[in-house]
Amino acid sequence: MFRKIGRDSFILALVLSLFAAFSLGFVVVHDTRQVENRKIKSRVTISWWGSDGRTEYMLKALTAYEKANDGVSVTPYYSMSQGYSERFDMLMKADQEADVMLIDDEMLEKYNDAFLTLDDCKDLDLSSFEKSELTTGMVDGKLKAVPLTWNIMTFAYNNDILYSLDMKIPETWDDLIADGRVMQRSSRHLLAMDEESAFFMIYAYSVQKDGHEWFDKQGNYTGSEQQLKDALSFYQSLLDNGVLAENDSLDSFTSQQAAGTAAWADEIRDACTPLMHTRHNVRLGRLLSFDGNLSGWYHKPGCLYAVKADTEHKDDSISLINYLIHDKNAIQNQGIDKGIPVNQETASVLRKRGLVSGIIIGSDNPTLTDADTLTELNSSLKNTDAADIFFNAYRNYGSSDASAAFLQNAYSEKYPQ
């Protein structure tokens with residue numbers, strides 16, 4: 001994709017790119033990892049967002065890639081997660097995007113025309129992917145990005161707290177309530193999570209209990225008022241029995257006021273890292289169910305690698321992606337930071353390597369085991385709207401019939417059949 005621009009457009013593009021890269025906090029690392037007097041034949045750029053931990057392992061991988069590919073220099077562009085989408089939009093409008101880009105499913109849908117069609121890239125090594133595993137990187141039947149991970153809700157616990165109270169990690173909804181009561185007696189609560197995560201837990205309980213989704217495959221609302229009332233009552237029981245605390249945050253887990261937490265898989269490492277640094281025993285837990293049936297829990301696309309459609313460094317961009325998705329050290333250092341691996345090669349490396357960033361990734365790891373059984377997240381649940389509507393109803397009317405009626409009307413208007 002080649003974009004012809006005039007003088008005024010060029011000036012606008014330059015201003016936009018500078019604003020995106022500097023005013024919005026996009027960090028650029030210039031050749032700090034290169035060997036002195038190294039002859040550079042080709043330069044390729046790559047961009048990503050995330051924590052300092054992600055940046056650290058990505059820079060290690062790029063250094064190793066440069067050493068293995070004489071004459072190729074990789075310049076990284078990166079920033080923290082907050083505001084990344086806005087910065088990405090600015091770079092795309094200015095035609096200043098990197099050659100290789102870490103993207104999510106929303107970026108793929110919004111900018112797929114700006115990404116190279118990868119079906120035509122014969123050197124791209126997708127041998128470790130099943131055809132079905134590539135579907136989330138496809139648009140209109142064409143592969144526009146390489147899927148790296150699925151994202152699923154992931155539970156983590158400070159096992160030191162549980163052990164001190166003679167408790168085990170909960171696996172069923174009954175366990176959850178019972179453990180909450182024990183935590184309540186010790187002046188703590190069981191789980192610290194934001195409202196989105198709490199909503200997904202409540203939603204999973206509701207679907208498993210009633211055997212019925214709230215939304216159909218087209219994203220239309222199909223639930224009943226009674227189902228909503230039961231969900232609101234369940235949330236009230238979580239508060240009353242010490243499982244959750246209102247207006248809570250992940251900080252309660254870090255400060256040990258809560259014994260556990262739940263978040264999307266690509267966020268759980270950041271929540272656990274402060275405790276692991278102080279030598280606490282952090283363990284992952286299973287998705288909750290009545291009897292092992294995980295209906296109501298889902299995966300969604302996590303991260304993908306895309307290539308700029310009009311890149312001047314197509315071969316090197318493909319070579320870099322091959323390295324990042326197949327090199328064992330790069331895989332090990334990444335762990336589950338970007339989510340749960342899509343392809344089995346990556347999952348196998350994590351299982352064989354054992355300990356990754358303090359969280360066990362073994363053959364019996366509950367997160368990897370559960371991920372294989374889940375279906376894709378419904379379109380109506382891909383943003384926070386459904387959760388916001390639910391908690392607004394609770395804040396206004398509690399767990400009453402009025403709250404359920406309010407929810408019924410709100411969902412019917414937001415997601416009409």
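This is a predicted model: local features need pLDDT of at least 70, side-chain atom pairs count only at pLDDT 80 or more; totals for chains, interfaces and linings use all residues.
At 12% relative accessibility, Lys 308 counts as buried, since the cut-off for buried is under 20%.

**A buried lysine and its partner**

What does the side chain of Lys 308 meet in a salt bridge? The partner is Asp 95, at 3.8 Å from N to O. Lys 308 sits in the loop between β13 (304–307) and α11 (314–326), while Asp 95 belongs to the loop between α3 (84–93) and β4 (100–103), so this pair ties together parts that are 213 residues apart in sequence.

**Other salt bridges**

The side chains of Lys 229 and Asp 401 form a salt bridge at 2.9 Å, N to O. Lys 229 lies in helix α8 (residues 225–240) and Asp 401 in helix α16, so here the bridge ties together parts that are 172 residues apart in sequence. Are these two residues buried, partly exposed or exposed? Lys 229, at 25% relative accessibility, counts as partly exposed, and Asp 401, at 47%, also counts as partly exposed.

Lys 382 and Glu 376 make another salt bridge through their side chains. With 32% relative accessibility, Lys 382 counts as partly exposed, and Glu 376 counts as partly exposed at 38%. Salt bridges that share partners also join Asp 95, Lys 308 and Asp 310 into one network.

Here are the three pairs side by side:

| Pair | N to O distance |
|---|---|
| Lys 308 and Asp 95 | 3.8 Å |
| Lys 229 and Asp 401 | 2.9 Å |
| Lys 382 and Glu 376 | 3.7 Å |

How many salt bridges does the count come to? The count is eleven.

**Two helix pairs**

Two packed helices are described by the angle between their axes and the distance between the axes. Take helix α15 (residues 385–397) and helix α16 (residues 401–414): they pack at an angle of about 155°, with their axes 9 Å apart. Angles over 145 degrees count as roughly antiparallel, and α15 and α16 are therefore roughly antiparallel to each other. The crossing of α15 past α16 is right-handed.

Which residues meet here? On the α15 side they are Asp 385, Ala 386, Ile 389, Phe 390, Ala 393, Tyr 394 and Tyr 397. On the α16 side they are Ala 402, Ser 403, Phe 406, Leu 407, Ala 410, Tyr 411 and Lys 414. Sorted by class, this contact has eleven nonpolar, one polar and two charged residues.

Now look at helix α2 (residues 52–68) and α11, whose axes come within 11 Å and cross at roughly 120°. α2 and α11 are therefore oblique to each other. α2 passes α11 in a right-handed crossing. From α2, the contact uses Met 58, Ala 61, Leu 62, Ala 64 and Tyr 65. From α11, the residues are Asp 316, Ser 319, Leu 320, Tyr 323 and Leu 324. By class, the contact of α2 with α11 divides into eight nonpolar residues, one polar and one charged.

**The whole protein**

Stepping back, the protein has 16 helices and 17 strands. Buried residues make up 54% of its 417 residues, and Lys 308 counts as buried too. Finally, consider contacts between residues at least 6 apart in sequence: 76% of these join residues at least 24 apart.

How values were computed. Residues are numbered from 1 along each chain as its sequence is written. Side-chain values use heavy atoms; hydrogens and water are left out. Axes are lines fitted to C-alpha atoms, for helices over the stretch in contact, and angles run from 0 to 180 degrees between N-to-C directions. Helices (H or I, at least four residues) and strands (E, at least two) are DSSP runs, numbered from the N terminus. Angles under 35 degrees count as roughly parallel, over 145 as roughly antiparallel, 65 to 115 as roughly perpendicular and the rest as oblique. A crossing is left-handed if the near helix is turned anticlockwise from the far one by less than a right angle, and right-handed if clockwise. Contact means heavy atoms within 4.5 Å. Ala, Val, Leu, Ile, Met, Phe, Trp, Tyr, Cys and Pro count as nonpolar, Asp, Glu, Lys and Arg as charged, and the others, Gly among them, as polar. A salt bridge is a side-chain nitrogen of Lys or Arg within 4 Å of a carboxyl oxygen of Asp or Glu. Buried means under 20% relative accessible area, exposed over 50%, partly exposed in between (1.4 Å probe, protein chains only).
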